[in-house]
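Hello,

Here is the structure we talked about. Have a look at it first, then read my notes below.

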Amino acid sequence: MTETAALPGFAGRTYLFQVDNGAAFRNAYSADGTRLRWEGLGESAGQWEDVALHVALVAPQVYFVSWTEQSGITVSHVMDLAKLTVRAFWTYEGEGGRVGELHTGTLEPVL
């Protein structure tokens, strides 16, 4: 984690992440905020991974979070915990080379 010694606001929390393209994920963050276990829901059910996070505080309650998955997909989120919104960018290898997608989404805390 590349943030100051304070724990990020999402540390130890779990969120339902609904993406504008219909995808949905259950994102569970480790207690120290350095790892994420994401689980696909709906069409992505059964897919999951535990990944190491790179984290930076952008503004109060706004975090830049990124990771690389085993498949080579890179994911970057700007998470606004006050508004419970996410701006997401991910890249993956396509037929003609690397493909990037920009998405928006919402977070719902899971109790």
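Aspartate 50 and arginine 35 join their side chains in a salt bridge, 2.6 Å from N to O. That term means a side-chain nitrogen of Lys or Arg within 4 Å of a carboxyl oxygen of Asp or Glu. The two residues are 15 apart in the chain: aspartate 50 lies in strand β4, arginine 35 in strand β3 (residues 35-41). Strands here are DSSP runs (E, at least two residues), numbered from the N terminus.

This is a predicted model: local features need pLDDT of at least 70, side-chain atom pairs count only at pLDDT 80 or more, and totals for chains, interfaces and linings use all residues. Residues are numbered from 1 along each chain as its sequence is written, and side-chain values use heavy atoms, with hydrogens and water left out.

The salt bridge count is three. Arginine 37 meets glutamate 39 at 3.0 Å, N to O. Arginine 98 pairs with glutamate 93, with 3.6 Å between the closest N and O atoms.

How exposed are these residues? Glutamate 93 is exposed, at 55% relative accessible area. Arginine 98 is partly exposed, at 44%. The cut-offs: buried is under 20%, exposed is over 50%, and partly exposed is in between (1.4 Å probe, protein chains only).

Now the sheet. Nine strands make an open, antiparallel sheet, ordered β4-β3-β2-β1-β9-β8-β7-β6-β5. Strands pair if DSSP finds at least two bridges between them. β4 (48-52) and β5 are at the edges with a single partner strand each, so one side of each has no neighbour in the sheet. Strands β8 (residues 85-94) and β9 (residues 97-109) pair over ten bridges.

Best wishes

Conventions
Helices (H or I, at least four residues) and strands (E, at least two) are DSSP runs, numbered from the N terminus.
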